[in-house]
Amino acid sequence: MATLAEPAVARRDLLTRVGIRGLAAREAAFAYSIVGVIYLFFTLFVFGPLVLAFYVSFTRWDGLAPLAEARFVGIDNYALLFTSERFIMSLWHDFEWTYKAYIGQIGLGLMLALIVINITRFQTLARLIAFTPFILPIVAVSILFTILMNPVWGVFNAALNFVGLPSNRWLTDPATAMDAAVLMIVWKYAGYYMILFITALLAVPQEYYDAAHIDGAGPLQTFFYITVPMILPAFIFISVINVIGNLQVFTPIFVMTQGGPNRATEVVVLLMYNTAFNNFQYSVANAMAIVLFVIILVLTVFQMKVLKRGAAAEE
Amino acid sequence: MATVQAEIEPIAAAPVRRARRLPLENLRWQRVVIEGLAYLFLIVSAILMLLPLFWMIVGGFKAEWEVTAVPAVWLPSQWRWDNYLYVMTQSLIGTGYKNSLILVTIVTVIQVVTSVVGGYVFAKLRFPGREVLFIGVISTLMLPGFLIQIPLFVMMAKLEWLNTYQAMIVPFLLTPFGIFMMRQFMTGLPTEYIDSARMDGASETSVIWRIVFPLVREPAAALAIFVFIQHWNELFWPLLVLRQREMFTLPLALFALNGDYNTVYSLILAGATLAIIPVIIIYAVLQEHIIRGVTLTGLKG
């Protein structure tokens with residue numbers, strides 16, 4: 001193949017035609033074997049359970065008997081859910097938790113971010129402190145807040161009394177339990193959202209601010225005409241992950257109130273857990289999971305739509 | 001999903017810049033007042049964020065009556081290290097600590113390795129169908145934990161894996177999130193080293209070990225931190241699959257301790273303090289990695 005006349009070219013040509021192709025085949029073979037393992041894993045531990053959840057939600061089954069004994073009941077479980085006052089209440093509690101936590105976490109996070117990027121010193125320290133609650137185990141923090149909120153000797157009441165306000169029953173009063181639980185989650189996540197917003201705010205080119213300054217725009221004008229539109233895509237993204245996360249709330253409620261008092265804080269995942277593992281209505285719990293998943297999906301798509309419209313309006 | 005992906009990159013790529021000033025230089029006294037108020041607000045926020053933590057750590061050293069005293073007692077009359085010793089050796093916390101350390105370390109190490117390998121395959125190898133197969137992987141990111149884990153529990157029960165380490169490890173050997181994150185980093189890496197190593201006859205495995213791993217050390221460390229913290233703090237899955245007390249992880253042990261009839265609050269506070277120690281150490285040593293990595297892992301919610 002390699003003639004004396006043009007050895008270098010011919011050798012490279014040979015490598016290109018035989019060598020690279022051989023390598024490409026080897027590369028693809030390796031890739032498919034890895035991708036095969038990945039898909040096998042997901043089939044067993046993700047797609048499999050997903051199909052099982054979907055199938056079981058149309059049957060009556062306690063989760064303990066052999067799966068063959070699951071009796072097909074059509075949409076009975078779903079019909080049961082939407083006529084069950086308790087499930088509807090748990091959905092409302094989910095929404096209540098989510099909108100309150102959303103306002104607290106995103107509102108406080110954005111406010112702190114706007115302040116922190118404008119101060120000249122101690123920025124790193126502010127980020128360090130704000131992020132600390134986020135990394136702590138949620139169980140430890142939930143227990144801590146239960147102790148702080150003790151209606152008899154809790155420090156929160158001591159603080160209220162100190163500034164002349166009456167004591168509160170916090171987690172033990174159906175009227176305030178949800179707000180008290182949300183207070184903990186806002187404390188835990190405000191700094192995390194602050195960090196996310198700082199990153200988004202710093203991505204806005206400084207020239208825009210300089211130009212606005214030269215044109216004589218005040219701080220409020222600058223905020224509404226430059227900052228808001230520029231961080232809108234990031235804002236929607238942050239908003240999406242917030243809603244997805246908050247609708248799935250389980251651990252803080254499970255640790256702090258077990259859904260009480262008087263079911264005032266019973267959220268969907270908690271009811272799902274109790275339905276599956278205390279009442280052994282396993283198939284009903286799976287139907288709940290699917291309903292909640294669809295709600296999360298719809299809210300995500302809805303927010304994405306807003307994002308697209310916001311981005312389009314900008315152009 | 002493509003939209004989410006497109007949104008993350010600009011956020012993650014944001015460089016750190018110096019403080020951005022409000023356009024108020026022409027009004028100096030006004031600026032001073034505003035900055036003063038800003039610092040005041042931040043100081044109050046910082047105190048509110050740290051005070052509960054202080055109360056927890058100090059509370060672990062108190063005698064029981066000091067925790068529940070009215071009016072509140074801020075510092076213990078005597079620092080009772082015994083509380084910590086007792087909790088670690090005589091309660092479930094010790095067991096939970098051991099189980100959590102073992103399980104979380106195993107899961108973290110394996111998940112980082114599988115994420116690097118998976119990310120490498122989808123970022124750097126050329127094969128027909130790559131994009132479609134990758135979309136298939138990241139589409140599972142949309143599935144919330146509860147939807148998968150409740151049916152997964154039944155599978156574990158049928159396999160007779162309840163109360164075993166493998167139930168806590170095997171379902172987490174690889175995650176779409178880890179693969180996604182590592183792929184995002186590797187897409188931007190130069191291909192020359194990898195290609196030339198391959199031309200020299202290096203096998204794919206040795207390419208991954210010798211060339212890819214050193215290049216992704218930084219993002220892999222960020223991923224490792226997040227996997228560790230996430231699994232260290234997780235309650236839902238262990239609550240489903242671990243029913244015997246000697247198998248409890250730390251969050252479960254804490255929860256059980258809190259639910260006991262004769263609750264001793266000072267000991268619970270000591271247990272909660274012990275539970276935060278590993279994450280505080282990791283945070284203190286690697287804060288820069290963590291804060292830099294947070295926007296990417298923000299996807300996790």
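How many salt bridges does the count come to over all chains? In this predicted model, the count comes to five salt bridges over all chains, and several of them are taken up in the close-up views below.

**View 1. Glu27(A) and Arg126(B) form a salt bridge that joins two chains.** The closest N and O atoms of Glu27(A) and Arg126(B) are 3.2 Å apart. Because Glu27(A) belongs to helix α1 of chain A, while Arg126(B) sits in the loop between α5 (92–124) and α6 (130–139) of chain B, the pair joins two chains. Glu27(A) has a relative accessible area of 4% and is therefore buried, whereas Arg126(B), at 46% relative accessibility, counts as partly exposed.

**View 2. Asp179(A) and Lys100(A) meet through their side chains in a salt bridge.** The N to O distance for this pair is 2.7 Å. Together with Glu96(A), Lys100(A) and Asp179(A) are linked in a network of salt bridges.

**View 3. Arg130(B) and Glu131(B) form a salt bridge through their side chains.** The N to O distance given for Arg130(B) and Glu131(B) is 3.3 Å. Glu131(B) counts as partly exposed, at 42% relative accessibility.

**View 4. Helix α4 of chain A (residues 123–135) is mostly covered.** At 1.5 Å a residue, the 13 residues of helix α4 of chain A should span 18 Å, and the end C-alpha atoms of the helix are 19 Å apart, which agrees.

**View 5. Confidence in chain A is lowest in helix α1 (residues 7–56) and highest in helix α10 (residues 251–256).** The mean pLDDT is 78 in helix α1 of chain A and 94 in helix α10 of chain A. Over residues 1–11 of chain A the pLDDT is below 50, and this stretch has five contacts in the model beyond near neighbours in sequence. For chain A the mean pLDDT is 86, with 91% of its residues reaching 70 or more.

Terms used:
Residues numbered from 1 in each chain as written. Chains lettered and ligands numbered in written order. Predicted model: local features only at pLDDT ≥ 70, side-chain atom pairs only at ≥ 80, totals over all residues. Heavy atoms only, no water. Helix = DSSP H or I, 4+ residues; strand = E, 2+ residues; numbered from the N terminus. Expected span 1.5 Å × (residues − 1). Buried < 20%, exposed > 50% of the residue type's maximum accessible area, 1.4 Å probe, protein only. pLDDT = per-residue confidence, 0-100. Contact = heavy atoms within 4.5 Å. Salt bridge = Lys/Arg side-chain N within 4 Å of Asp/Glu carboxyl O.
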